[in-house]
Amino acid sequence: MSAELVLNEARLKGLRVSCAESCTGGLVGAALTEIAGSSDVFNGSAVTYSNEAKIALLGVKAETLEKFGAVSGECAREMAEGSRRVFNADAAVSVTGIAGPDGGSDAKPVGTVWFGVATREGSRAVKKLLTGNRAEIRAEAVNVALSELLGVLQ
């Protein structure tokens, strides 16, 4: 997935985009800002690795984290909604997951990644089970996040 496609679609529609990232650590925002001129449609990104940052910066509810955990569709949706609100964007994407090599469980194995997307019309989340080492999981998560963002822009 090309960040350039996302930026071009946002330009075409006159929309602003933003991100909220956990396990990707800013790689989605970096992919978008790698392209010259991205500032005309990219408002910003929040790297919220800790639960405290998710709460303080994005407004993720503590109850959501306690009940479902940071690696959940509920958290991914609240992260995307928070990013859209904080950055005054038309569409936002979020990523939260377990890139490994440690941290997985039977219920949430390494490679479990949730993606949230939020627009003015609402939000949704999608779960993917990615494979590979830490770098490969993170790289694939960037591709999925960009694809999800493109999907809501089209």
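User: Which polar atom lies 2.9 Å from the side chain of Ser-83?

Analyst: A polar contact is a pair of N or O atoms within 3.5 Å; within protein, one must be able to donate a hydrogen and the other to accept it, and residues adjacent in sequence count only if both atoms are side-chain atoms. Here, the backbone oxygen of Cys-19 lies 2.9 Å from a polar atom of the Ser-83 side chain. This is a predicted model, in which local features need pLDDT of at least 70 and side-chain atom pairs count only at pLDDT 80 or more, while totals for chains, interfaces and linings use all residues. Residues are numbered from 1 along each chain as its sequence is written, and side-chain values use heavy atoms, with hydrogens and water left out.

User: Is Ser-83 buried or exposed?

Analyst: Buried means under 20% relative accessible area, exposed over 50%, and partly exposed in between (1.4 Å probe, protein chains only). Ser-83 is buried, because its relative accessible area is 0%. Contact means heavy atoms within 4.5 Å; beyond four places in sequence, Ser-83 is in contact with residues including Ser-18, Leu-58 and Ala-92.

User: Which residues have the most contacts inside the largest nonpolar core?

Analyst: A nonpolar core is a set of buried Ala, Val, Leu, Ile, Met, Phe, Trp, Tyr and Cys residues joined through side-chain atoms within 4.5 Å. The largest has 28 residues, and Val-28, Leu-32, Val-95, Val-113 and Phe-115 have the most contacts inside it. A second, separate core has eight residues, among them Ala-20 and Met-79.
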